[in-house]
Amino acid sequence: AAVPSEADTNELTPSGKRDTTRYRVRCRCGQRMRVYRRHFGRLHRCIRCKSPLYVSQDSVSPPLSSKHVKQLRVFEDDNVPAQWETGDLITEDFEVIARVGEGGMGVVYRVLHRGWGTEMAVKCPKVEVDRGDGWLESFDQECQTWIRMAHHPNTVRCFFVRRLGQVPRIFAEFIDGRDLYQQILTGDLYLGKDEEKLARMLDILIQSARGLHHAHTEQLIHQDFKPSNILVGNDGITRVTDFGLSCLASSVRPLASDRHGIVAGTPLYQSGYLAKLGFNSFKSDMWSWGLCAMAVFAGEAYWQYGEYAPAILRGFQDKTAERKDIPEMPPELYRLLWACFQEDPGNRPASMDAVA
């Protein structure tokens with residue numbers, strides 16, 4: 001049997017029968033429009049005022065009969081579960097569209113703010129991870145630095161943090177695309193002719209450097225810059241995300257750590273200055289950016305600790321010669337990485353703007 005299309009599937013009732021009823025939906029401007037079940041669960045625009053209009057089973061007339069209604073799980077603030085399912089209504093404001101990612105520390109969902117008509121990405125920390133006492137308050141405070149950061153085309157906006165089910169959830173801008181780690185892992189970053197590949201790789205690195213520079217002008221150190229925190233949108237724009245570990249800084253300050261004394265961040269992309277002295281600075285983010293550039297041109301992060309970047313770079317060209325599908329790193333970029341990996345931060349480029 002032929003696999004039903006998404007439109008066909010949306011017209012099926014919970015019992016598996018097709019619902020061909022015409023429904024009506026009304027926009028805030030008063031305009032009425034006809035819709036079918038295949039329009040449910042999607043964002044449309046009013047034919048008169050062009051405002052976003054979300055069509056759901058509870059916004060149409062005539063009301064759906066009980067045999068046509070899919071029973072939705074609706075949760076209030078206090079009883080929101082740790083794990084969400086597609087179709088869940090969270091406090092009646094947010095409808096869960098999909099689960100889009102998961103890491104060791106949290107899960108990311110794609111939701112629709114039904115009042116704003118805006119899709120968002122919601123990062124939910126895993127409650128089973130032991131972070132020690134007082135982590136909720138610390139997490140809230142750290143996220144406020146991201147929320148206050150001015151908008152820039154190469155950074156992801158954070159709208160607000162809201163406690164649901166006693167767990168803080170980060171509501172950020174949803175970017176239609178994939179992160180750089182996924183693009184490297186699947187090989188999609190290396191599709192096309194060598195000229196196209198090289199242009200794409202350098203463009204992503206330049207845009208991410210500009211995003212970091214903006215954060216630094218806002219006196220924010222990222223602290224966990226890595227390919228999975230670089231979102232490559234389908235619109236061609238690269239954005240830096242996940243500033244949840246960011247700290248305010250004037251020039252240099254101690255790196256935030258958890259209650260067990262473990263330095264925050266990812267060892268694969270951690271700077272040598274940070275690892276040795278336990279201090280973080282804007283130049284630490286620069287070191288991490290250089291490691292991301294090496295991962296892009298190697299097709300993987302084949303090292304274990306980013307603090308050894310200078311030694312890794314010495315043997316980099318011999319290591320990557322076996323990857324025929326990846327363009328060779330330009331000599332200019334190779335020299336730039338040497339500058340980014342200087343042990344003395346004062347000998348590195350002046351800023352991420354200069355790197356870009």
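The dialogue below takes up confidence, packing, a helix face and salt bridges.

Visitor: How far may the coordinates be trusted, and where is confidence lowest and highest?

Guide: This is a predicted model, and the mean pLDDT of the protein is 83, with 81% of its residues at 70 or more. Confidence is lowest in strand β18 (residues 252-254), where the mean is 43, and highest in strand β16 (residues 238-240), at 98. Over residues 1-9 the pLDDT is below 50, and this stretch has five contacts in the model beyond near neighbours in sequence. Residues 249-263 also have pLDDT below 50, yet 41 contacts beyond near neighbours are present there in the model.

Visitor: What does the overall architecture consist of, in helices and strands?

Guide: The protein has 10 helices and 19 strands. Of its 356 residues, 45% are buried. Among contacts with a separation of 6 or more, 55% join residues 24 or more positions apart. The accessible surface comes to about 18000 Å², and carbon and sulfur atoms supply 50% of that area.

Visitor: Which residues have the most contacts inside the largest nonpolar core?

Guide: They are Trp 289, Met 294, Leu 337 and Phe 341, within a core of 52 residues. Helix α6 (residues 282-298) provides the largest share of this core, 11 residues. Leaving aside neighbours within four places in sequence, Met 294 touches several residues, including Trp 303, Ile 312, Phe 316, Leu 337 and Phe 341. Apart from this core lies another, of 14 residues, among them Phe 75, Phe 94, Val 96 and Val 107.

Visitor: How many salt bridges does a search of the whole structure find?

Guide: In general, side chains of opposite charge can pair when their charged atoms come close. Here the search finds 13 salt bridges. In one of them, Asp 242 pairs with Lys 123, and the closest N and O atoms are 2.6 Å apart. This pair links distant parts of the chain, 119 residues apart: Asp 242 is in the loop between β16 and β17 (247-248), and Lys 123 is in strand β10 (residues 118-125). Asp 242 counts as buried at 17% relative accessibility, whereas Lys 123 counts as partly exposed at 29%.

Visitor: What separates Lys 197 and Asp 194 in helix α4?

Guide: Lys 197 and Asp 194 are three residues apart in helix α4, which means a separation of about one helical turn. Their side chains meet in a salt bridge of 3.6 Å, N to O. Lys 197 counts as buried, at 7% relative accessibility, and Asp 194 as partly exposed, at 42%.

Visitor: Which residues are linked in a network of salt bridges?

Guide: The network links Arg 73, Glu 85 and Asp 88. Within it, the closest N and O atoms of Arg 73 and Glu 85 are 3.8 Å apart. Arg 73 is partly exposed, with a relative accessible area of 32%, and Glu 85 is partly exposed, at 45%.

Terms used:
Residues are numbered from 1 along each chain as its sequence is written. This is a predicted model: local features need pLDDT of at least 70, side-chain atom pairs count only at pLDDT 80 or more; totals for chains, interfaces and linings use all residues. Side-chain values use heavy atoms; hydrogens and water are left out. pLDDT is the predictor's confidence in each residue, from 0 to 100. Helices (H or I, at least four residues) and strands (E, at least two) are DSSP runs, numbered from the N terminus. Contact means heavy atoms within 4.5 Å. Buried means under 20% relative accessible area, exposed over 50%, partly exposed in between (1.4 Å probe, protein chains only). Accessible areas come from the Shrake-Rupley method with a 1.4 Å probe; for residues, only the protein chains shown count as cover. A nonpolar core is a set of buried Ala, Val, Leu, Ile, Met, Phe, Trp, Tyr and Cys residues joined through side-chain atoms within 4.5 Å. A salt bridge is a side-chain nitrogen of Lys or Arg within 4 Å of a carboxyl oxygen of Asp or Glu.
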